[in-house]
Amino acid sequence: MWVNLDAFGIALSLLTWLLLIFTDAVVVRFVLFAWFTTSRPRFRWVPLSDLGLFLLALYQLLLMLSLVSHVRAVTTDPGTMSLSSAPESLSNPRNCKLCQGRWKPPRAHHCKTCRCCIFRMDHHCPWINNCVGLSNQKLFILFLVYTCVSAIWTLLLLAAGAFCWLYSQKSWSDAPPPGSASLICCGLVAVECFAAVLFVSDFIQEQVESIQMNSTLVETYQRTHGPRTSFWEHFTSIFGPCWWTWPFPFPPALEPDYLEPALPDEAELWSQDCADDHNSLGIAGEESEEMAAKEETLSARPRHILRIGRKEIDCSPKNLSLSVA
């Protein structure tokens with residue numbers, strides 16, 4: 001099991017689960033059981049009509065798929081490098097100075113939070129406390145899709161509950177206001193779902209464009225991409241060849257092609273201005289690796305000690321310290 005011990009990511013992951021549980025409790029309590037309860041249920045332990053039972057089962061299925069997709073995206077290795085050295089046939093391979101000189105394929109990037117190189121890294125997402133890479137991009141996309149569909153379905157159920165309340169009133173002018181608890185909870189859930197639809201739909205669009213262009217979000221800023229063929233081949237390279245497994249949150253059995261080239265979008269290389277986006281994407285750029293290499297070089301230099309009585313003076317270029325022997 002893959003676990004990333006990042007406090008901020010863990011907090012956002014727990015918040016995601018709490019929001020899903022809160023939404024489920026509000027809809028079941030104040031919508032389904034409030035307006036679809038019957039005295040003659042099909043099942044005694046679920047006092048709902050057939051329509052209410054169908055809506056409950058469908059709603060629980062969507063929320064379960066969203067939650068399981070999120071858990072699998074959190075606990076799945078996003079695509080850490082399984083090879084420490086490049087094939088002998090490869091000329092001038094890149095090595096990651098932050099990973100003790102391990103091989104860094106053309107489409108791999110070093111994540112500063114995960115502290116390792118991720119093959120076909122899209123970005124580091126704190127909401128799943130993990131990187132989005134080749135091995136869990138399908139799970140991340142399923143989480144986005146099921147969350148968006150669940151939010152839309154929640155809004156429809158809230159609208160249905162409001163319609164049932166209006167329809168049950170004999171006179172709207174004399175109708176008593178709904179309970180404060182139901183009004184507050186349903187209002188909070190409605191705002192949450194509206195925000196989720198707006199927020200998640202933008203991510204879904206980015207993921208679709210990523211599949212279409214065979215380029216991760218990191219590569220988009222770096223103006224590179226992988227070999228482009230067709231949308232179908234790009235899609236199956238992420239979701240796997242078995243179509244019947246696509247809707248389910250199972251990690252696809254994919255064989256990474258570490259020799260896959262990163263082709264430039266234009267004749268010139270990406271501009272230096274794009275390097276400012278490394279922090280937002282969570283990757284370690286070349287400047288970070290150069291800084292790490294300089295620190296390793298300085299730490300490896302011999303120390304020059306000057307003894308004065310019982311005191312020692314470290315005259316090395318890295319540090320000039322005074323200590324009592």
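# Questions on helix packing and burial

Mentor: Over residues 139-167 the chain is 100% helix and 0% strand, with the end C-alpha atoms of that span 41 Å apart. The model is a predicted one, in which local features need pLDDT of at least 70 and side-chain atom pairs count only at pLDDT 80 or more, while totals for chains, interfaces and linings use all residues. Residues are numbered from 1 along each chain as its sequence is written, and side-chain values use heavy atoms, with hydrogens and water left out.

Trainee: What is counted as a helix or a strand here, and how many of each does the protein have?

Mentor: Both are DSSP runs numbered from the N terminus, a helix being H or I over at least four residues and a strand being E over at least two. Counted in this way, the protein has eight helices and 11 strands.

Trainee: Which residues does the UniProt annotation "transmembrane region" cover?

Mentor: According to the UniProt record, an unreviewed entry, the annotation covers residues 12-36, 48-68, 139-167 and 179-200; its positions are given in the numbering used here, its feature name is shortened, and such annotations may be inferred rather than shown by experiment. In the model, residues 12-36 are 96% helix and 0% strand, and the end C-alpha atoms of that span lie 34 Å apart.

Trainee: Why is α2 described as roughly antiparallel to α3?

Mentor: The axes of α2 (residues 50-75) and α3 (residues 137-167) come within 8 Å and cross at roughly 150°. That makes α2 roughly antiparallel to α3, because angles over 145 degrees count as roughly antiparallel, those under 35 as roughly parallel, 65 to 115 as roughly perpendicular, and the rest as oblique. The axes are lines fitted to C-alpha atoms, for helices over the stretch in contact, and angles run from 0 to 180 degrees between N-to-C directions.

Trainee: Which residues of α2 and α3 meet?

Mentor: On the α2 side they include Leu55, Tyr59, Leu62, Ser66 and Arg72, and on the α3 side they include Phe140, Tyr146, Ser150, Trp153 and Leu157, where contact means heavy atoms within 4.5 Å. The residues of this contact divide into 15 nonpolar, six polar and one charged; Ala, Val, Leu, Ile, Met, Phe, Trp, Tyr, Cys and Pro count as nonpolar, Asp, Glu, Lys and Arg as charged, and the others, Gly among them, as polar.

Trainee: What makes α1 and α3 roughly parallel?

Mentor: Helix α1 (residues 7-35) packs with α3 at an angle of about 30°, with their axes 10 Å apart, and α1 and α3 are therefore roughly parallel to each other. Their crossing is left-handed; the name is used if the near helix is turned anticlockwise from the far one by less than a right angle, and right-handed if clockwise. The crossing of α2 with α3 is left-handed as well.

Trainee: Which residues of α1 and α3 meet?

Mentor: Thr16, Thr23, Val27, Val31, Leu32 and Trp35 in α1 meet Phe143, Thr154, Leu157, Leu158, Gly161, Cys164 and Trp165 in α3. The residues of this contact divide into nine nonpolar, four polar and no charged.

Trainee: Why is Gly161 called buried?

Mentor: Gly161 has 9% relative accessibility and so counts as buried, since the term means under 20% relative accessible area, with exposed over 50% and partly exposed in between, for a 1.4 Å probe and protein chains only. Leaving aside neighbours within four places in sequence, Gly161 is in contact with Val31 and Trp35. The C-alpha atoms of Gly161 and Val31 are separated by 5.3 Å, although these residues are 130 residues apart along the chain.

Trainee: Is Asn92 buried or exposed, and is Asn129 buried or exposed?

Mentor: Asn92, in the loop between α2 and β1 (95-96), is exposed because its relative accessible area is 75%. Asn129, in the loop between β5 (123-125) and β6 (130-132), is buried because its value is 4%. Neither is a glycine, yet phi is positive at about 55° for Asn92 and at about 50° for Asn129.

Trainee: Which residues of α6 are buried, and what covers them?

Mentor: In α6 (residues 231-239), His234, Phe235, Thr236, Ile238 and Phe239 are buried, and what covers the buried residues of α6 includes α3 and α4 (180-213). In the loop between α6 and β8 (263-264) lies Thr245, which counts as buried because its relative accessibility is 14%; beyond its neighbours within four places in sequence, Thr245 is in contact with Lys138 and Phe239.
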